[in-house]
Amino acid sequence: MSLLELPRAAVAEIPTVTYTSGKYQLKSPDWSKISWSSLNPVQEPGYINITPDIASKLGYNLSRSWSAGQNIDSVIMLGDVDEAFAQSQFTLQIIASRSVNQNNQLTLEDFGLMKWQTIGSLVKAIPSLRNINVRRMKPIQDLLQKAGIYTGGTLSQALNYNSKVSKLSLGQLDLSKYALTSIPKLTETRISKFQNWQQSFINQVPLLNQVPFDKMPQPINSGLDVVGIASVVLGKSERGDSRARENYFVSGKVTRSDKTVVVACGVGQECPYLELGDVAGQQGNLYGKRWASGSSQQVDGGFGILQRVNGGKEPTGRLVYGSGFKVVLTGVNESTGTANFGLFFRICMNFFLGGKSCTPYFIGPVPWVPVQENDLVILGRG
């Protein structure tokens with residue numbers, strides 16, 4: 001039994017918009033109603049363990065573990081998906097204006113990355129704090145008092161007076177006692193300005209998990225560039241065929257440049273798949289193409305120092321909606337004519353000199369919109 005066939009955590013229906021084209025129907029994700037918090041829980045447990053020496057080279061520790069049934073917003077860090085959605089360009093004010101719900105009782109504890117900020121990193125993120133009297137910034141005043149440092153005058157004077165001030169960490173305080181507004185301009189500052197913002201989980205940024213994906217600084221790609229017909233689903237009796245090589249498939253691996261490169265099923269290997277039709281008929285490019293099941297086929301994935309995670313493998317699939325996650329055919333049901341899909345996520349980081357490394361797409365599946373035979377299916381670009 002493969003991992004993708006194990007019992008699932010509870011699954012909620014994904015909001016969709018239904019389009020009709022002649023006799024065909026397409027259920028497209030309604031991105032105005034889908035946010036991190038509304039995605040289904042991850043269905044399989046997993047972990048990534050980064051050694052301290054590698055973590056020191058990376059600048060922060062990517063290590064984490066997760067359980068089946070855990071919300072994906074508590075698994076994915078900001079740095080993992082910043083190229084896809086550019087969430088680091090948000091300020092807390094903008095997030096609040098775009099989120100579904102509002103919460104005026106938020107504290108510094110709710111903004112998870114505050115616990116690893118120092119006074120020095122705060123001043124770097126919000127330079128105007130230097131000119132403000134310490135007594136007007138309660139958390140900073142309390143931090144200085146805790147360290148036995150004089151709290152009269154401006155923060156700039158305190159920094160010049162004692163070299164230890166810049167190294168004092170807000171993590172020493174009970175941050176639940178301080179409102180977000182207790183540090184001037186905090187809610188107006190871009191997330192990317194804060195030290196090690198990349199290691200904050202999505203759910204550690206107030207209300208970010210409630211912002212619809214079409215309201216991100218870099219909105220999600222609809223994937224509607226290429227749409228095919230879900231002609232027929234074929235189950236586990238199917239095997240890779242020496243006559244059906246790459247030109248028969250639309251599923252495969254993801255390259256360093258975030259392109260889908262098709263990979264055929266291995267000859268003689270189990271290969272359930274969704275066979276496609278083309279709205280243009282037999283002359284269309286998609287006619288007879290196969291989307292292979294990721295429950296049976298693993299392909300190479302990832303690149304750079306993180307490539308070796310999960311043995312360097314990910315389930316076959318496509319980047320339909322951009323690089324934030326990979327869409328994988330997780331199973332087919334021939335009796336009901338259903339193709340089931342799931343989303344798989346990866347862990348990424350950028351280096352100081354412009355380098356980048358990502359794991360394979362191995363965090364998942366997060367159940368996605370199923371497709372019935374003779375309905376349309378979204379393939380996205382490429």
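Asparagine 196 sits in the loop that runs between α6 (155-161) and β5 (227-234), helices here being DSSP runs of H or I with at least four residues and strands DSSP runs of E with at least two, both numbered from the N terminus. The model is a predicted one, in which local features need pLDDT of at least 70 and side-chain atom pairs count only at pLDDT 80 or more, while totals for chains, interfaces and linings use all residues. Residues are numbered from 1 along each chain as its sequence is written, and side-chain values use heavy atoms, with hydrogens and water left out.

Asparagine 196 has a phi near 50 degrees, a positive value in a residue other than glycine. Its relative accessible area is 26%, so asparagine 196 counts as partly exposed; buried means under 20% relative accessible area, exposed over 50%, and partly exposed in between, using a 1.4 Å probe and protein chains only. Asparagine 310 also has a positive phi, of about 60 degrees, although it is not a glycine. The loop that holds asparagine 310 lies between β10 (298-300) and β11 (313-315), and asparagine 310 is partly exposed because its relative accessibility is 41%.

Stepping back to the whole protein chain, the secondary structure comes to six helices and 18 strands. The C-alpha trace spans about 80 × 45 × 35 Å along its principal axes. Of the 382 residues in the chain, 53% are buried. Among contacts (heavy atoms within 4.5 Å) with a separation of 6 or more, 70% link residues 24 or more positions apart.

Leaving aside neighbours within four places in sequence, tryptophan 368 is in contact with a list of residues including Ile14, Trp31, Leu39, Tyr321 and Phe341.

Two or more lining residues come from each of β2 (24-29), β12 (326-333), β13 (338-345), β16 (363-367) and β17 (371-372), with β12 giving the largest share, four residues. By class, the pocket lining has 15 nonpolar, 14 polar and seven charged residues. Here Ala, Val, Leu, Ile, Met, Phe, Trp, Tyr, Cys and Pro count as nonpolar, Asp, Glu, Lys and Arg as charged, and the others, Gly among them, as polar. As for finding such spaces, a 1 Å grid is laid over the protein atoms alone: a cavity is a set of points where a 1.4 Å probe fits but cannot get out, a pocket is an open set with protein on both sides within 12 Å along at least five of seven lines, and lining residues have an atom within 4 Å of a point. Grid points are joined across faces, edges and corners, and a volume is the space filled by probe spheres set on the points.

Two cavities of 30 Å³ or more are present. The largest cavity holds about 120 Å³ of space and is lined by 13 residues, of which Tyr321, Val369, Val371, Val377 and Ile378 lie nearest its centre. Its lining has 12 nonpolar, no polar and one charged residues, and β18 supplies the largest share, three residues. The second largest cavity holds about 70 Å³, and its lining divides into three nonpolar, four polar and five charged residues. Helix α2 gives the most to that lining, with three residues.

In strand β16 sits proline 365, and the peptide bond from glycine 364 to proline 365 is cis, with omega near -5 degrees. Asparagine 374 is in the loop between β17 and β18 (376-378), and it counts as partly exposed because its relative accessibility is 49%. Serine 99 is in the loop between α3 (92-98) and α4 (119-125); at 8% relative accessibility, serine 99 counts as buried.
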